[in-house]
Amino acid sequence: MHQQTEVDENCLMCHGDPDFIGTFENGELLSLYVEKSDYDLSVHGPAGLNCVACHTDLTRYPHHDEQQICIACHPEQGGSADTEYVPLRAKLSFTDRREMVLSINEACRSCHAHEFEVAVDCAHVRVLQGGNREAPVCVDCHGAHEIVRLSSQPRSEVAYMCGSCHKAAYSTYRTSVHGAALEVDSNPDVPTCTECHGVHSVRGPRDAPYRNDSIAICGGCHANEAMMAKYDISTAVFDTYLDDFHGRTVNLFLHQSNASGSAKAVCFDCHGIHNIRRPKDTLSTVYPTNLQRTCQQCHENASIRFPTAWLSHYLPEWDHTPGLVIVNWAYRILIPLVIGFFLLYIGLDINRRRLDKRHAKQRVRALAEKELEAYSFGDDSKD
(Lines give C-alpha, C1' and ligand atoms only; values in the text may rest on other atoms or scores of the structure.)
Protein backbone atom coordinates (compact mmCIF):
# COMPACT_ATOMS: atom_id res chain seq x y z
CA MET A 1 0.00 0.00 0.00
CA HIS A 2 1.20 3.51 -0.80
CA GLN A 3 2.83 5.23 2.13
CA GLN A 4 1.45 8.75 2.30
CA THR A 5 4.26 11.33 2.41
CA GLU A 6 4.31 14.72 4.08
CA VAL A 7 3.86 16.31 0.66
CA ASP A 8 0.68 14.30 0.08
CA GLU A 9 -0.69 15.32 3.49
CA ASN A 10 -0.07 18.96 2.70
CA CYS A 11 -1.74 18.57 -0.70
CA LEU A 12 -4.79 16.84 0.73
CA MET A 13 -5.39 19.67 3.19
CA CYS A 14 -6.94 21.48 0.23
CA HIS A 15 -7.41 18.79 -2.42
CA GLY A 16 -9.16 16.52 0.05
CA ASP A 17 -12.05 19.00 0.22
CA PRO A 18 -14.89 17.90 -2.12
CA ASP A 19 -15.87 21.56 -2.57
CA PHE A 20 -12.45 22.71 -3.77
CA ILE A 21 -12.94 24.41 -7.15
CA GLY A 22 -10.44 25.83 -9.63
CA THR A 23 -11.14 28.54 -12.18
CA PHE A 24 -9.35 28.74 -15.53
CA GLU A 25 -8.54 32.04 -17.21
CA ASN A 26 -11.51 31.63 -19.54
CA GLY A 27 -13.87 31.22 -16.58
CA GLU A 28 -14.23 27.42 -16.91
CA LEU A 29 -14.52 25.62 -13.57
CA LEU A 30 -12.80 22.40 -12.51
CA SER A 31 -13.14 20.33 -9.36
CA LEU A 32 -9.75 20.07 -7.68
CA TYR A 33 -10.90 17.37 -5.29
CA VAL A 34 -8.78 14.20 -5.21
CA GLU A 35 -10.25 11.02 -3.75
CA LYS A 36 -7.40 9.52 -1.74
CA SER A 37 -8.72 5.96 -2.04
CA ASP A 38 -8.69 6.22 -5.85
CA TYR A 39 -5.03 7.19 -5.81
CA ASP A 40 -4.11 4.53 -3.23
CA LEU A 41 -5.59 1.83 -5.48
CA SER A 42 -4.00 3.17 -8.66
CA VAL A 43 -0.72 1.93 -10.16
CA HIS A 44 1.06 5.03 -8.90
CA GLY A 45 -0.09 4.81 -5.30
CA PRO A 46 1.53 1.46 -4.40
CA ALA A 47 4.63 2.55 -6.34
CA GLY A 48 5.17 5.35 -3.82
CA LEU A 49 4.84 8.24 -6.25
CA ASN A 50 3.64 11.41 -4.57
CA CYS A 51 1.85 14.37 -6.10
CA VAL A 52 4.87 16.36 -7.26
CA ALA A 53 6.15 13.36 -9.24
CA CYS A 54 3.57 14.31 -11.87
CA HIS A 55 2.83 17.92 -10.94
CA THR A 56 6.46 18.87 -11.36
CA ASP A 57 5.83 22.62 -11.66
CA LEU A 58 4.28 22.83 -8.19
CA THR A 59 7.13 23.13 -5.69
CA ARG A 60 5.31 24.96 -2.90
CA TYR A 61 1.89 25.52 -1.47
CA PRO A 62 -0.19 27.52 -1.81
CA HIS A 63 0.66 27.54 -5.52
CA HIS A 64 0.24 31.29 -6.06
CA ASP A 65 1.08 34.58 -4.40
CA GLU A 66 -2.42 35.63 -3.49
CA GLN A 67 -3.08 36.50 0.14
CA GLN A 68 -4.48 33.49 1.97
CA ILE A 69 -7.34 33.75 4.44
CA CYS A 70 -6.74 31.11 7.08
CA ILE A 71 -10.38 30.51 7.91
CA ALA A 72 -11.10 29.74 4.27
CA CYS A 73 -9.43 26.39 4.91
CA HIS A 74 -9.67 26.24 8.69
CA PRO A 75 -12.87 28.01 9.79
CA GLU A 76 -12.75 26.31 13.18
CA GLN A 77 -9.45 28.02 14.00
CA GLY A 78 -10.44 31.62 13.46
CA GLY A 79 -14.17 32.09 13.42
CA SER A 80 -17.20 31.63 15.55
CA ALA A 81 -19.72 28.87 15.25
CA ASP A 82 -21.85 31.24 13.19
CA THR A 83 -19.10 31.88 10.67
CA GLU A 84 -20.34 30.97 7.20
CA TYR A 85 -18.24 28.29 5.51
CA VAL A 86 -16.36 29.69 2.52
CA PRO A 87 -15.70 27.06 -0.16
CA LEU A 88 -12.12 26.82 -1.37
CA ARG A 89 -11.42 28.54 -4.67
CA ALA A 90 -8.21 28.73 -6.70
CA LYS A 91 -7.20 30.52 -9.86
CA LEU A 92 -5.52 28.20 -12.35
CA SER A 93 -2.71 29.52 -14.52
CA PHE A 94 -4.04 27.87 -17.67
CA THR A 95 -6.33 29.28 -20.33
CA ASP A 96 -8.61 26.25 -20.20
CA ARG A 97 -8.81 22.63 -19.11
CA ARG A 98 -7.22 21.25 -22.29
CA GLU A 99 -4.14 23.43 -21.91
CA MET A 100 -3.68 22.04 -18.39
CA VAL A 101 -4.10 18.43 -19.55
CA LEU A 102 -1.54 18.83 -22.34
CA SER A 103 0.91 20.44 -19.93
CA ILE A 104 0.59 17.78 -17.23
CA ASN A 105 0.71 15.02 -19.85
CA GLU A 106 4.37 15.80 -20.54
CA ALA A 107 5.20 14.62 -17.00
CA CYS A 108 4.36 11.07 -18.10
CA ARG A 109 7.39 11.10 -20.39
CA SER A 110 9.85 11.09 -17.47
CA CYS A 111 8.85 7.52 -16.53
CA HIS A 112 7.27 6.24 -19.74
CA ALA A 113 9.82 7.32 -22.34
CA HIS A 114 9.49 4.05 -24.27
CA GLU A 115 5.75 4.50 -24.76
CA PHE A 116 6.36 8.02 -26.07
CA GLU A 117 8.96 6.69 -28.53
CA VAL A 118 6.58 4.00 -29.78
CA ALA A 119 3.81 6.54 -30.24
CA VAL A 120 5.95 9.14 -32.02
CA ASP A 121 4.35 8.45 -35.42
CA CYS A 122 0.97 7.11 -34.32
CA ALA A 123 -2.33 8.46 -35.63
CA HIS A 124 -3.09 10.33 -32.39
CA VAL A 125 0.24 12.16 -32.33
CA ARG A 126 -0.09 13.16 -35.99
CA VAL A 127 -3.53 14.62 -35.30
CA LEU A 128 -2.16 16.50 -32.29
CA GLN A 129 0.78 17.86 -34.28
CA GLY A 130 -1.67 18.91 -36.97
CA GLY A 131 -3.15 21.39 -34.52
CA ASN A 132 -6.07 19.45 -33.05
CA ARG A 133 -5.74 19.83 -29.29
CA GLU A 134 -8.46 17.25 -28.70
CA ALA A 135 -6.31 14.39 -30.00
CA PRO A 136 -5.95 11.76 -27.24
CA VAL A 137 -2.97 11.95 -24.89
CA CYS A 138 -2.03 9.70 -21.97
CA VAL A 139 -4.54 10.97 -19.41
CA ASP A 140 -7.44 10.78 -21.88
CA CYS A 141 -7.03 7.01 -22.13
CA HIS A 142 -5.52 6.10 -18.77
CA GLY A 143 -7.13 8.65 -16.49
CA ALA A 144 -5.49 10.88 -13.92
CA HIS A 145 -5.39 9.89 -10.24
CA GLU A 146 -7.23 6.58 -10.63
CA ILE A 147 -4.94 4.96 -13.22
CA VAL A 148 -5.19 1.15 -13.10
CA ARG A 149 -3.67 -1.63 -15.19
CA LEU A 150 -5.82 -2.41 -18.20
CA SER A 151 -5.07 -6.10 -17.70
CA SER A 152 -7.04 -5.96 -14.45
CA GLN A 153 -10.11 -4.50 -16.18
CA PRO A 154 -12.78 -6.26 -18.31
CA ARG A 155 -11.67 -6.36 -21.94
CA SER A 156 -14.83 -4.50 -22.92
CA GLU A 157 -13.46 -1.47 -21.06
CA VAL A 158 -10.83 -1.04 -23.78
CA ALA A 159 -13.45 -0.68 -26.51
CA TYR A 160 -15.54 1.58 -24.28
CA MET A 161 -12.54 3.81 -23.61
CA CYS A 162 -11.75 4.18 -27.32
CA GLY A 163 -15.45 4.73 -27.97
CA SER A 164 -15.45 7.86 -25.83
CA CYS A 165 -13.81 9.60 -28.82
CA HIS A 166 -14.61 7.23 -31.69
CA LYS A 167 -18.36 7.08 -31.06
CA ALA A 168 -19.42 6.07 -34.57
CA ALA A 169 -16.79 3.32 -34.83
CA TYR A 170 -17.68 2.03 -31.35
CA SER A 171 -21.39 1.99 -32.13
CA THR A 172 -20.74 -0.05 -35.27
CA TYR A 173 -18.25 -2.34 -33.53
CA ARG A 174 -20.77 -3.21 -30.78
CA THR A 175 -23.10 -4.75 -33.37
CA SER A 176 -20.34 -6.65 -35.18
CA VAL A 177 -19.60 -10.33 -34.62
CA HIS A 178 -16.56 -9.38 -32.56
CA GLY A 179 -18.10 -6.59 -30.52
CA ALA A 180 -21.28 -8.49 -29.68
CA ALA A 181 -19.27 -11.43 -28.33
CA LEU A 182 -17.10 -9.09 -26.29
CA GLU A 183 -20.04 -7.28 -24.69
CA VAL A 184 -21.97 -10.43 -23.83
CA ASP A 185 -19.28 -12.44 -22.05
CA SER A 186 -15.96 -10.56 -22.48
CA ASN A 187 -14.86 -13.32 -24.84
CA PRO A 188 -11.03 -13.42 -24.60
CA ASP A 189 -10.66 -14.58 -28.20
CA VAL A 190 -12.34 -11.71 -30.01
CA PRO A 191 -10.26 -8.63 -30.84
CA THR A 192 -10.76 -5.27 -29.18
CA CYS A 193 -9.54 -1.97 -30.61
CA THR A 194 -5.96 -2.41 -29.40
CA GLU A 195 -5.52 -5.88 -30.93
CA CYS A 196 -6.14 -4.45 -34.39
CA HIS A 197 -4.93 -0.87 -34.07
CA GLY A 198 -2.18 -1.16 -31.47
CA VAL A 199 -1.88 0.33 -28.00
CA HIS A 200 0.49 3.28 -28.24
CA SER A 201 1.51 2.85 -31.88
CA VAL A 202 -2.06 3.42 -33.05
CA ARG A 203 -2.58 2.83 -36.77
CA GLY A 204 -5.58 2.51 -39.05
CA PRO A 205 -6.67 1.59 -42.58
CA ARG A 206 -5.58 5.00 -43.87
CA ASP A 207 -1.95 4.13 -43.12
CA ALA A 208 -0.46 2.47 -46.22
CA PRO A 209 1.61 -0.19 -44.37
CA TYR A 210 -1.47 -1.13 -42.35
CA ARG A 211 -3.11 -2.60 -45.45
CA ASN A 212 -0.26 -5.07 -45.89
CA ASP A 213 -0.04 -5.84 -42.17
CA SER A 214 -3.78 -6.34 -41.81
CA ILE A 215 -3.67 -9.85 -43.28
CA ALA A 216 -1.21 -10.85 -40.55
CA ILE A 217 -3.40 -9.17 -37.92
CA CYS A 218 -6.50 -11.08 -39.04
CA GLY A 219 -4.45 -14.22 -39.61
CA GLY A 220 -3.21 -14.11 -36.03
CA CYS A 221 -6.63 -15.46 -35.05
CA HIS A 222 -8.05 -16.94 -38.25
CA ALA A 223 -4.97 -19.07 -38.92
CA ASN A 224 -4.97 -20.36 -35.33
CA GLU A 225 -6.42 -23.85 -35.65
CA ALA A 226 -6.97 -24.36 -31.91
CA MET A 227 -8.84 -21.07 -31.55
CA MET A 228 -10.93 -21.48 -34.70
CA ALA A 229 -11.88 -25.05 -33.76
CA LYS A 230 -13.76 -23.68 -30.74
CA TYR A 231 -16.09 -21.77 -33.07
CA ASP A 232 -16.22 -24.30 -35.91
CA ILE A 233 -14.46 -21.87 -38.25
CA SER A 234 -12.09 -23.30 -40.82
CA THR A 235 -8.61 -21.83 -41.09
CA ALA A 236 -9.05 -22.29 -44.85
CA VAL A 237 -10.42 -18.73 -44.92
CA PHE A 238 -6.86 -17.54 -44.38
CA ASP A 239 -5.08 -20.15 -46.50
CA THR A 240 -7.39 -19.72 -49.49
CA TYR A 241 -6.95 -15.95 -49.39
CA LEU A 242 -3.16 -16.31 -49.55
CA ASP A 243 -3.59 -18.67 -52.50
CA ASP A 244 -5.69 -16.33 -54.62
CA PHE A 245 -4.59 -13.36 -56.72
CA HIS A 246 -5.38 -10.76 -54.05
CA GLY A 247 -3.63 -12.58 -51.24
CA ARG A 248 -0.51 -13.50 -53.19
CA THR A 249 -0.01 -9.89 -54.26
CA VAL A 250 -0.57 -8.41 -50.80
CA ASN A 251 1.65 -11.06 -49.20
CA LEU A 252 4.41 -10.18 -51.68
CA PHE A 253 4.18 -6.52 -50.68
CA LEU A 254 4.13 -7.51 -47.00
CA HIS A 255 7.47 -9.33 -47.27
CA GLN A 256 9.19 -6.57 -49.20
CA SER A 257 11.03 -4.16 -46.95
CA ASN A 258 9.79 -0.56 -47.11
CA ALA A 259 7.08 -1.59 -49.53
CA SER A 260 4.12 0.72 -50.01
CA GLY A 261 0.61 -0.54 -49.44
CA SER A 262 -0.81 -2.85 -52.06
CA ALA A 263 -3.98 -1.74 -53.84
CA LYS A 264 -5.33 -5.31 -53.88
CA ALA A 265 -8.20 -6.29 -51.63
CA VAL A 266 -7.38 -7.20 -48.03
CA CYS A 267 -9.69 -8.70 -45.43
CA PHE A 268 -11.40 -5.47 -44.35
CA ASP A 269 -12.11 -4.40 -47.94
CA CYS A 270 -14.54 -7.28 -48.28
CA HIS A 271 -15.67 -7.97 -44.72
CA GLY A 272 -15.74 -4.41 -43.40
CA ILE A 273 -13.67 -2.66 -40.76
CA HIS A 274 -15.78 -2.30 -37.64
CA ASN A 275 -18.99 -3.74 -39.13
CA ILE A 276 -17.75 -7.32 -39.58
CA ARG A 277 -20.64 -9.79 -39.44
CA ARG A 278 -21.12 -13.49 -39.98
CA PRO A 279 -21.30 -14.38 -43.70
CA LYS A 280 -24.84 -15.71 -43.18
CA ASP A 281 -26.00 -12.42 -41.66
CA THR A 282 -28.14 -10.54 -44.21
CA LEU A 283 -26.36 -7.31 -43.23
CA SER A 284 -22.93 -8.76 -43.92
CA THR A 285 -20.99 -7.19 -46.78
CA VAL A 286 -20.25 -10.70 -48.10
CA TYR A 287 -23.84 -11.94 -47.91
CA PRO A 288 -24.77 -13.15 -51.45
CA THR A 289 -27.20 -10.28 -52.18
CA ASN A 290 -24.64 -7.70 -50.99
CA LEU A 291 -21.57 -9.22 -52.57
CA GLN A 292 -21.87 -7.55 -55.98
CA ARG A 293 -21.86 -4.09 -54.36
CA THR A 294 -18.83 -5.10 -52.30
CA CYS A 295 -16.92 -6.27 -55.38
CA GLN A 296 -17.83 -3.06 -57.22
CA GLN A 297 -15.75 -1.06 -54.76
CA CYS A 298 -12.76 -2.20 -56.81
CA HIS A 299 -14.34 -3.75 -59.91
CA GLU A 300 -16.73 -1.00 -61.02
CA ASN A 301 -18.18 -3.01 -63.91
CA ALA A 302 -18.71 -6.20 -61.93
CA SER A 303 -21.94 -7.85 -63.06
CA ILE A 304 -24.32 -9.92 -60.97
CA ARG A 305 -22.41 -13.03 -62.10
CA PHE A 306 -19.02 -11.64 -61.10
CA PRO A 307 -19.13 -12.82 -57.44
CA THR A 308 -19.87 -16.40 -58.52
CA ALA A 309 -16.20 -16.71 -59.48
CA TRP A 310 -15.35 -16.38 -55.78
CA LEU A 311 -15.29 -19.62 -53.82
CA SER A 312 -16.08 -17.84 -50.54
CA HIS A 313 -12.86 -19.20 -49.04
CA TYR A 314 -14.05 -22.79 -49.54
CA LEU A 315 -11.57 -25.34 -50.84
CA PRO A 316 -12.56 -26.89 -54.21
CA GLU A 317 -14.79 -29.94 -53.60
CA TRP A 318 -16.38 -32.43 -55.99
CA ASP A 319 -19.91 -31.74 -54.74
CA HIS A 320 -19.71 -27.98 -55.32
CA THR A 321 -17.08 -27.33 -57.99
CA PRO A 322 -16.38 -30.57 -59.91
CA GLY A 323 -14.91 -28.69 -62.87
CA LEU A 324 -12.36 -26.96 -60.68
CA VAL A 325 -11.48 -30.23 -58.96
CA ILE A 326 -10.84 -31.84 -62.37
CA VAL A 327 -8.72 -28.88 -63.50
CA ASN A 328 -6.71 -29.00 -60.26
CA TRP A 329 -6.05 -32.72 -60.63
CA ALA A 330 -5.24 -32.27 -64.32
CA TYR A 331 -2.68 -29.65 -63.41
CA ARG A 332 -1.26 -31.86 -60.68
CA ILE A 333 -0.73 -34.61 -63.26
CA LEU A 334 -0.03 -32.52 -66.35
CA ILE A 335 2.47 -30.11 -64.85
CA PRO A 336 4.80 -32.85 -63.47
CA LEU A 337 4.49 -34.73 -66.78
CA VAL A 338 5.30 -31.66 -68.87
CA ILE A 339 8.17 -30.65 -66.61
CA GLY A 340 9.42 -34.26 -66.54
CA PHE A 341 9.17 -34.54 -70.32
CA PHE A 342 11.14 -31.34 -70.85
CA LEU A 343 13.74 -32.38 -68.29
CA LEU A 344 14.08 -35.72 -70.09
CA TYR A 345 14.21 -33.92 -73.44
CA ILE A 346 16.87 -31.51 -72.21
CA GLY A 347 18.84 -34.39 -70.66
CA LEU A 348 18.71 -36.42 -73.89
CA ASP A 349 19.66 -33.34 -75.92
CA ILE A 350 22.64 -32.64 -73.68
CA ASN A 351 23.71 -36.28 -73.93
CA ARG A 352 23.28 -36.25 -77.75
CA ARG A 353 25.36 -33.09 -78.05
CA ARG A 354 28.03 -34.61 -75.82
CA LEU A 355 28.14 -37.79 -77.93
CA ASP A 356 28.18 -35.79 -81.18
CA LYS A 357 31.05 -33.73 -79.86
CA ARG A 358 32.96 -36.88 -78.87
CA HIS A 359 32.34 -38.48 -82.29
CA ALA A 360 33.44 -35.31 -84.03
CA LYS A 361 36.67 -35.33 -82.07
CA GLN A 362 37.21 -39.00 -82.93
CA ARG A 363 36.66 -38.33 -86.63
CA VAL A 364 39.08 -35.41 -86.57
CA ARG A 365 41.66 -37.52 -84.77
CA ALA A 366 41.22 -40.44 -87.20
CA LEU A 367 41.52 -38.10 -90.18
CA ALA A 368 44.66 -36.53 -88.75
CA GLU A 369 46.22 -39.93 -88.17
CA LYS A 370 45.39 -41.02 -91.74
CA GLU A 371 46.93 -37.89 -93.23
CA LEU A 372 50.02 -38.35 -91.09
CA GLU A 373 50.35 -41.95 -92.25
CA ALA A 374 49.96 -40.93 -95.91
CA TYR A 375 52.59 -38.22 -95.52
CA SER A 376 55.02 -40.67 -93.93
CA PHE A 377 54.47 -43.21 -96.75
CA GLY A 378 55.12 -40.54 -99.37
CA ASP A 379 58.46 -39.57 -97.80
CA ASP A 380 59.70 -43.24 -97.93
CA SER A 381 58.90 -43.57 -101.65
CA LYS A 382 61.11 -40.55 -102.43
CA ASP A 383 64.09 -42.32 -100.93
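Guide: Okay, let's start with the count: the structure holds four aromatic pairs. Rings of Phe, Tyr and Trp (its six-membered ring) pair if their centres lie within 6.5 Å; planes under 30 degrees apart count as stacked, over 60 as edge-to-face and the rest as tilted. One of the pairs is Phe341 with Phe342: the ring centres are 5.6 Å apart and the planes meet at 75 degrees, so this pair is edge-to-face. Phe341 also pairs with Tyr345, and here the centres are 6.5 Å apart with the planes at 25 degrees, so that pair is stacked. Phe341 and Tyr345 are four residues apart in helix H20 (residues 322-382), which puts about one helical turn between them. Helices here are DSSP runs of H or I with at least four residues, strands are runs of E with at least two, and both are numbered from the N terminus. Put together, ring pairs link Phe341, Phe342 and Tyr345 into a cluster. As for Phe342, it is partly exposed, with a relative accessible area of 47% (buried is under 20%, exposed over 50%, partly exposed in between, using a 1.4 Å probe and protein chains only).

There's a charge over a ring to look at too: Arg332 lies over the face of Trp329, 4.8 Å from the ring centre. That label needs NZ of Lys or CZ of Arg within 6 Å of the ring centre and within 35 degrees of the ring normal.

A word on the background: this is a predicted model, where local features need pLDDT of at least 70, side-chain atom pairs count only at pLDDT 80 or more, and totals for chains, interfaces and linings use all residues. Residues are numbered from 1 along each chain as its sequence is written, and side-chain values use heavy atoms, with hydrogens and water left out.
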